[in-house]
Amino acid sequence: MRFLLAVLAFVLVPSWGFAQDYPDRPITVVVPFSAGGPTDTVTRLVAEAMSKDLGQQIVVENVGGAGGTLGAARVAEAEPDGYTLLLAHIGMATSATLYRQLPYEPLGSFDYLGLVTEVPMTIVARKDFEPNTLQELIDYVRANKDTVTYANAGIGAASHLCGMLFMSAIDTQLTTVPYKGTGPAMTDLLGGQVDFMCDQTTNTTKQIQAGAIKAYATTSPERLANLPDLPTASESGLDGFVVGVWHGLYAPKGTPPGAIDRLAKSLQIALKDPSVVERFAELGTAPASQADATPDALKAKLESEIERWRPVIQEAGVYAD
Ligand code: ASP
């Protein structure tokens with residue numbers, strides 16, 4: 001009898017710890033930045049569509065701090081059972097060099113589900129900030145470098161990377177004000193407590209369109225369809241200043257292959273969902289292609305991006321520790 005039960009269990013549970021009826025309870029997706037910011041916005045849209053497909057609730061948990069590395073650490077340590085995931089961006093690659101010590105292995109602690117989207121950034125300022133063009137901004141911050149403040153979401157954030165590239169391009173170091181995400185940074189920009197920042201269109205488009213903040217440039221290679229008057233940084237004096245903030249969905253290392261397959265398939269379905277496509281377009285971005293929304297594509301992207309940014313960061317000489 002015991003033998004029969006063991007055989008039955010083997011048949012019903014093909015890979016250890018993975019049940020055929022997965023998922024049979026809510027899944028948590030950790031966002032390593034504050035609620036209301038761009039990574040949070042992207043995650044909530046995708047989670048809603050995946051939840052429809054999986055027939056289970058997906059709870060978004062914001063674990064901000066240390067440029068996204070606290071949230072990544074939380075997921076690296078989580079039970080690899082398919083019920084805790086991480087939606088993180090380019091910071092997964094830059095943190096690998098920015099932090100000489102991390103509580104996880106950027107390339108060893110996670111399983112991959114797929115790329116989600118690549119979002120352009122915009123260089124924006126409080127509405128009454130004096131400069132009106134990118135060139136004026138460059139001149140102004142050079143002349144006022146001791147008083148101008150730059151908001152970011154901590155070392156390892158995309159806003160940190162963009163600010164670091166900007167400061168090194170104009171050879172001027174500024175005072176940075178770190179937040180747990182650019183959601184709260186945007187609140188302070190709107191309130192006039194900080195001067196400027198660089199942030200994903202998924203957080204800035206509506207505010208730019210409403211005229212609530214000033215926008216100087218986009219970091220995309222071409223102008224954006226929904227902000228056609230906004231020049232690219234390359235067009236306005238920062239030649240080759242292009243940053244795309246790619247986002248990926250991860251699971252802790254050791255997640256059952258059956259769960260990985262189910263989640264990766266669900267991500268693909270979510271990225272084709274018309275409501276996701278439409279909302280992404282309104283926010284100046286597009287879902288990853290079906291070929292990119294795969295575990296192999298995310299793994300290859302993370303590996304190549306760690307290599308791409310390592311020399312840039314080493315040259316800038318900025319480290320978190
Ligand atoms: N945009 C932020 C960053 O600078 C993160 C966020 O709040 O989503 O990386």
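Q: At roughly what angle do the axes of H6 and helix H11 cross?
A: In this predicted model, the axes of H6 and helix H11 (residues 295-316) cross at roughly 55° and come within 11 Å.

Q: Are H6 and H11 parallel or oblique to each other?
A: They are oblique: the crossing angle is roughly 55°, and angles count as roughly parallel only under 35 degrees, so H6 and H11 are classed as oblique to each other.

Q: And is the crossing of H6 and H11 left-handed or right-handed?
A: H6 and H11 make a left-handed crossing.

Q: Next pair. How far apart are the axes of H2 and helix H10?
A: The axes of H2 and helix H10 (residues 274-282) are 9 Å apart, and the two helices pack at an angle of about 170°. H2 is therefore roughly antiparallel to H10. H2 passes H10 in a right-handed crossing.

Q: What about the axes of helix H7 and helix H8?
A: Helix H7 (residues 182-190) and helix H8 (residues 201-209) have axes that cross at roughly 25° and come within 11 Å. H7 and H8 are therefore roughly parallel to each other. The crossing in which H7 passes H8 is right-handed.

Q: Changing topic: which residues surround the ligand?
A: The ligand is surrounded by Phe33, Pro38, Thr39, His89, Ala153, Ala157, Ala158, Ser159, Gly181, Thr182, Asp199 and Gln200.

Q: How do the residues of that shell divide into nonpolar, polar and charged?
A: The shell around the ligand holds five nonpolar residues, six polar residues and one charged residue.

Q: What lies 2.6 Å from a nitrogen atom of the ligand?
A: A polar side-chain atom of Gln200 lies at that distance from the ligand nitrogen. For ligand oxygen, an N or O atom in the side chain of Ser159 is 2.4 Å from an oxygen atom of the ligand. Ala158 takes part through its backbone, with a polar backbone atom 2.8 Å from an oxygen atom of the ligand.

Q: How much of the area that the ligand exposes when taken alone does the protein bury?
A: The protein buries 100% of the 270 Å² that the ligand exposes when taken alone.

Q: Which elements give two or more residues to the shell around the ligand?
A: Those elements are helix H2 (38-54), helix H6 (158-169) and strand E7 (196-200). H2 is also the helix that packs with H10, and H6 is the one whose axis crosses that of H11.

Terms used: Residues numbered from 1 in each chain as written. Predicted model: local features only at pLDDT ≥ 70, side-chain atom pairs only at ≥ 80, totals over all residues. Heavy atoms only, no water. Near = heavy atom within 4 Å. Polar contact = N/O pair within 3.5 Å; in protein donor to acceptor, adjacent residues only side chain to side chain. Areas by Shrake-Rupley, 256 points an atom, 1.4 Å probe, with all protein chains shown as cover. Helix = DSSP H or I, 4+ residues; strand = E, 2+ residues; numbered from the N terminus. Nonpolar A, V, L, I, M, F, W, Y, C, P; charged D, E, K, R; others polar. Axes fitted to C-alpha atoms, helices over the stretch in contact; angles between N-to-C directions. Parallel < 35°, antiparallel > 145°, perpendicular 65-115°, else oblique. Left-handed = near helix turned anticlockwise from the far one by under 90°.
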